[in-house]
Amino acid sequence: MHAIEDYALIGDEQTAALVGADGSVDWLCLPRFDSGACFARLLGDENNGHWRIAPVGAERCSRRAYRPDTLVLDTEWETDEGLVRVTDLMPQRDRAPDLVRIVEGVRGEVTVRSTLRLRFDYGSVVPWIRRTDGHRVAVAGPDSVWLRMEPEVRSWGEDRTTYCEFTVAPGEQVAFVLTWHPSHEPRPPLVDPYTSLRHSIEDWRAWASHCRYDGPHRDEVVRSLITLKALTYSPTGGIVAAPTTSLPEELGGVRNWDYRYCWLRDSTMTLSALLAAGYQEEAEAWRNWLLRAVAGDPGDLQIMYGVAGERRLPEYELPWLSGFGGSTPVRIGNDAVAQLQLDVYGEVVDTLALARRSGLSPRPDVWALQRVLLDFLRSAWRLPDEGLWEVRGGRRHFVHSKVMVWVAADRSVRALEEDPGLEGDVDSWRALRDEVHREVCEKGYDPARNTFTQYYGSRELDASLLLIPRTGFLPPDDPRVIGTIDAIRAELGPDGFVRRYTADGTGVDGLPGVEGTFLVCSFWLADALHMTGRTEEAHELFERLMGLANDVGLLAEEYDPASGRLLGNFPQAFSHIGLVNTALTLFGDRKAE
């Protein structure tokens, strides 16, 4: 079985594929991130679809790497016969998505085999395959895929699988192009694989050159920014949390969720990372996606939306998939979409405030939206909710949710103080801010242990409390802030990597089993340590976190210190956002040595 860290990402900013260290594309949804997968071996087995290109008899590759500052992946195999390289990419699409794989002989003469097993609808539908104009064409229902080779090599069909086998000498190349289109439409124009490779390298490097960060670990920061760009649905600007569903938070467990949607909770941190790194255009696209998605009655605000702002994301299970490492169920959609999470109101208002301060192009409807959100919170803030972590064990008065309500009121009051020409009830918003602050400090703080708690009246801790100094709710040198940081380190992160909360099957989330340490929470701890004057400890933690990325610089949602394995959906936008923001916090004014 592959490990999660065995995979690399390629994509075209509308969907993405995961390529294993054995040369197999094991996950690809077409034509969008949230479409059905035509390769679903990641969550099942070979019969659920994959496409492997590798030397005959070889297992894992010898080495692999992205071309510098691109999303073009080179995978190399050293064999007894010689050295061969496979270059994988998904070029920026015109109309149709293309997956390009170029095999090149480097040394000796190496025999290579391609094994293509297409299975539409998450590995459940076997297509009808025929030859047309020298191409292999697979059709089933709404999906059609064309495979062509340049030059033509020996190919044959067997057991509902298309095989190719050929030998390459130094300098010889064989290119494969896999193109999807709706089955009722004619085949889209052919792309030239070598031109696509050249343009992809040029485009990615031109984009990466805009990065303003020049401190330590610049390569890792740029890789994280490229990953965020790859997780962006370019037609709308929405950023998916991950390109995968149901990669487990516990191997063999049930904590398996669909992350191919856009979460509002990520909005402020995403905008902050993009703006600080120099990506104004992407930041503006994300802000505009947010405004479209949340338009409407504030009482109907959702915690997540589809990549184009869709609201209905019904959750169901795929029983024919055995799950990654036997982790079932495999879920599509996400029922958390219907939860009440008061923190997202604060995230939205904070994002709008950051956009205003950063000089993004003004939108006349932004302030009107912010006022409506504040009016809703004046009564709704007293309600319990499911909180930042989308617990399924019942609503509570989560402290982080209340802190983010305070953020919404605070940013709105500050906006009126800075621009008296804006319309708003500043007195009632100040009163709301003061009342929320007072209640959180009274009901969400445990004086005996000198720490804020997960929810009112609890003894549990929560890593989201590390964000209190960042929000400005209390200053970093407040003894309650320092006490909270120390308590979280002791109880949720004794090994330096932080769990979200105590998840032992009996706690607040209502789920059996446990989970790994949550990577973004560990980045939050590094930020909090730095803000409270413990910068050397923050640097040490950051260095340890850098060591958790896989060989091509990608991070999942979680990490298991016991096994040394990545866990959860992959690659995870929230983890890479944490990496970028922490690097900017710690080293933003320093040059790389």
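Analyst: A pocket, on a 1 Å grid over the protein atoms alone, is an open set of points with protein on both sides within 12 Å along at least five of seven lines, and lining residues have an atom within 4 Å of a point. This is a predicted model, where local features need pLDDT of at least 70, side-chain atom pairs count only at pLDDT 80 or more, and totals for chains, interfaces and linings use all residues. Residues are numbered from 1 along each chain as its sequence is written, and side-chain values use heavy atoms, without hydrogens and water.

User: How many residues line the largest pocket, and which lie nearest its centre?

Analyst: The lining has 33 residues. Asp350, Ala353, Leu354, Ala355 and Arg357 lie nearest the centre. Two or more lining residues come from each of H4 (267-277), H6 (343-357), H7 (366-380), H8 (399-418), H10 (468-471) and H14 (573-587). These labels are DSSP runs numbered from the N terminus (helices: H or I, at least four residues; strands: E, at least two). H6 gives the most to this lining, 8 residues. The space in the largest pocket is about 680 Å³, a volume being what probe spheres set on the points fill.

User: What makes up the lining of the largest pocket, by class?

Analyst: It has 14 nonpolar, 7 polar and 12 charged residues. Asp, Glu, Lys and Arg count as charged; Ala, Val, Leu, Ile, Met, Phe, Trp, Tyr, Cys and Pro as nonpolar; the others, Gly among them, as polar.

User: What is the volume of the second largest pocket?

Analyst: It is about 460 Å³. The second largest pocket is lined by 26 residues, with Asp22, Arg41, Glu46, His50 and Arg52 closest to its centre. The elements giving two or more residues are strands E5 (50-55) and E10 (110-117). E5 gives the most, with 4. The classes divide into 9 nonpolar, 7 polar and 10 charged.

User: How many cavities of 30 Å³ or more are there?

Analyst: The count is 7. A cavity is a set of points where a 1.4 Å probe fits but cannot get out. The largest cavity holds about 180 Å³ of space. Its lining has 16 residues, and those nearest its centre are Glu249, Trp257, Trp389, Glu390 and Arg500. By class this lining has 8 nonpolar, 1 polar and 7 charged residues.

User: What makes the case for H4 and H6: are they parallel or antiparallel?

Analyst: Their axes come within 8 Å and cross at roughly 20°. H4 and H6 are therefore roughly parallel to each other. H4 passes H6 in a left-handed crossing.

User: Why does one side of E25 and of E27 lack a neighbour?

Analyst: The open sheet has 3 strands in the order E25-E26-E27, with antiparallel pairing. E25 (517-518) and E27 (565-567) stand at the edges with a single partner strand each, so one side of each has no neighbour in the sheet.

User: How do you know that E26 and E27 pair?

Analyst: Two strands pair if DSSP finds at least two bridges between them. E26 (558-560) and E27 have 3 bridges, in the antiparallel sense. Asp560 has Arg565 in E27 as its bridge partner.

Conventions
Axes are lines fitted to C-alpha atoms, for helices over the stretch in contact, and angles run from 0 to 180 degrees between N-to-C directions. Angles under 35 degrees count as roughly parallel, over 145 as roughly antiparallel, 65 to 115 as roughly perpendicular and the rest as oblique. A crossing is left-handed if the near helix is turned anticlockwise from the far one by less than a right angle, and right-handed if clockwise.
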